[in-house]
Amino acid sequence: MLRFKHIIAGLFSLMKLLHAGDSLIVEIDSNKYDVAQRIQESVKWWEESAVTEGRLQASLHLQSIRRNDISGSIHLVWSNSYSETVSIDSVVFAGTDQLSNGILGKIGSPFVERPASATTLAEVHSRLTNYSFLELTDTPSYWRYGDKKIALVVPVRSRFNNSFSGIVGYRPDGDGKGRLTGDLSIRLGNLFGSATTTELNWNRKDERSQDLALKEVIPFLGSIDFGAQFGFSQSLQDGLFLRRQADVAVTSVRSRFGNLSAGISKAVTTATDLGVESGIEGYSIRAITLRQKLDRRNHSYLSTSGFLLDSRLDIGDLRSEDNKSKLLAVVSAKGEWIKPLIGSWSGSLTTSVGRSAIIGGGLAPEGEQFRYGGAATLRGYREKMFRSDWMVIQQFELRYQQGNTVWLYSFLDGAQHSFPGRPLAVGIGLRQTTVLGLLTVEYAVNKESRPSEGKIHIRISGEIK
């Protein structure tokens with residue numbers, strides 16, 4: 001009951017404050033309440049209200065205090081110089097020197113001249129949390145400097161990394177002779193402090209199959225909060241056809257859903273002499289491309305917790321050499337979830353799905369179907385030995401961390417696709433930090449092979465300083 005009376009009294013004081021204009025009036029029944037405590041609570045509430053609204057120059061001056069001899073209540077009146085709202089004069093990012101002043105200015109410009117209020121602080125936290133390359137390290141705050149000037153100070157750290165990853169695979173042939181396969185990825189982030197990202201990927205299955213892809217992401221275009229993405233890829237498949245694709249897109253690096261992009265792409269597929277003999281025809285595609293990528297892993301290639309979601313949709317006009325037109329749709333998504341288990345144990349689950357189809361019926365051309373198998377998808381099988389117009393691939397790893405430098409794990413890879421048979425492979429792996437970077441060694445065998453026919457994959461991953 002006493003607590004209820006406190007609440008009623010607080011609401012009554014609040015009503016008086018709201019209607020008091022330039023004064024704060026508090027009336028306290030000294031027979032029921034601690035006078036000093038009630039005064040402190042009223043003043044503290046007023047101060048918090050002023051800060052919330054950004055009126056940092058506001059002040060209180062006690063005007064009068066009197067006691068009612070009959071009721072025993074105490075009546076206090078403060079004059080209230082409530083002042084005008086104080087605006088943010090400048091934004092300071094503390095903790096990062098990797099980004100140029102121009103980029104930091106673009107990120108901080110929406111808050112200049114905004115009220116220095118608690119509401120603005122909440123907006124700062126919400127907005128900066130959605131930048132993929134920035135991470136808040138503490139609560140933003142206001143600092144006073146000069147003559148009544150207020151700076152918004154935002155403690156952050158950048159999340160750029162220049163990294164490389166190279167893998168070598170050994171592929172045994174039926175005659176006892178094997179061949180090496182290769183996969184190289186290089187990522188350069190924040191060149192010249194511009195927050196741009198450059199990615200180069202090269203993959204070689206054999207002398208007849210090779211992929212090359214280049215992508216450039218520019219997070220800001222002028223003063224607008226959008227960027228651009230440019231890409232080019234070239235793929236030679238089994239010596240049958242050569243596929244080239246170029247794309248351009250508008251991107252948003254500040255989104256609660258991660259990096260979003262929307263753009264257009266053009267692909268041209270040309271059959272080789274061998275492909276023509278095999279019945280493959282050339283074609284071209286003009287498509288609209290939508291993509292989303294949300295990465296909440298705590299490390300790009302040595303994650304111990306978090307998740308990744310990467311999805312893409314391409315829909316466009318497929319035109320054959322005889323100028324016949326069809327509508328093609330290709331959708332794909334990849335998700336990874338990493339979770340600590342007990343003690344030094346953790347687990348990861350990766351699921352990749354894809355569907356390629358001609359709207360209205362019919363199979364997509366061979367060049368638009370999914371190719372998988374090998375070190376990145378189905379360990380224990382040859383590189384990109386499977387081809388299908390739809391697929392679901394699942395990869396599970398059970399990991400054990402020994403110290404700070406060694407990780408042992410076992411894995412199980414499986415798939416479903418549009419033709420008979422369900423690929424399945426098991427294996428063991430080792431990850432260890434070295435002076436060159438993170439060394440990964442894996443041995444995998446599929447359900448159709450003998451242990452002596454297993455695949456060995458060796459990868460080096462690291463950061464470029």
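**Reading cores, patches and loops**

Author: Let's start with phenylalanine 396, which lies in strand E21. Helices (H or I, at least four residues) and strands (E, at least two) are DSSP runs, numbered from the N terminus. This is a predicted model, where local features need pLDDT of at least 70, side-chain atom pairs count only at pLDDT 80 or more, and totals for chains, interfaces and linings use all residues. Residues are numbered from 1 along each chain as its sequence is written, and side-chain values use heavy atoms, leaving out hydrogens and water.

Reader: Is phenylalanine 396 buried, partly exposed or exposed?

Author: Buried means under 20% relative accessible area, exposed over 50%, and partly exposed in between (1.4 Å probe, protein chains only). Phenylalanine 396 has 39% relative accessibility, so it counts as partly exposed.

Reader: Which residues form a nonpolar patch on the surface?

Author: Like charges are joined within 9 Å, and nonpolar side chains (Val, Leu, Ile, Met, Phe, Trp, Tyr) within 5 Å. Here the members include Leu341, Trp345, Phe396 and Val426, and the whole patch has about 960 Å² of accessible area, computed by the Shrake-Rupley method with a 1.4 Å probe, where for residues only the protein chains shown count as cover. E21 gives the most, with three residues.

Reader: Which residues touch the most other members in the largest nonpolar core?

Author: A nonpolar core is a set of buried Ala, Val, Leu, Ile, Met, Phe, Trp, Tyr and Cys residues joined through side-chain atoms within 4.5 Å. In the largest one, of 23 residues, they are Leu99, Ile107, Leu128, Phe133 and Val154. Its largest share, four residues, comes from E7. Another core, of 18 residues, lies apart from it, with Tyr283 and Phe370 among its members.

Reader: What does asparagine 203 make a polar contact with?

Author: A polar contact is a pair of N or O atoms within 3.5 Å; within protein, one must be able to donate a hydrogen and the other to accept it, and residues adjacent in sequence count only if both atoms are side-chain atoms. The side chain of asparagine 203 pairs with that of aspartate 183 at 3.4 Å. Asparagine 203 sits in strand E10 (residues 197-206) and is buried, at 13% relative accessibility.

Reader: Where is lysine 384 found?

Author: Lysine 384 is in the loop between strand E19 (370-372) and strand E20 (386-388). Its phi is near 50°, a positive value in a residue other than glycine.

Technical notes:
Patches are made of residues with over 30% relative accessible area and no salt bridge: like charges are joined within 9 Å, nonpolar side chains (Val, Leu, Ile, Met, Phe, Trp, Tyr) within 5 Å. A salt bridge is a side-chain nitrogen of Lys or Arg within 4 Å of a carboxyl oxygen of Asp or Glu.
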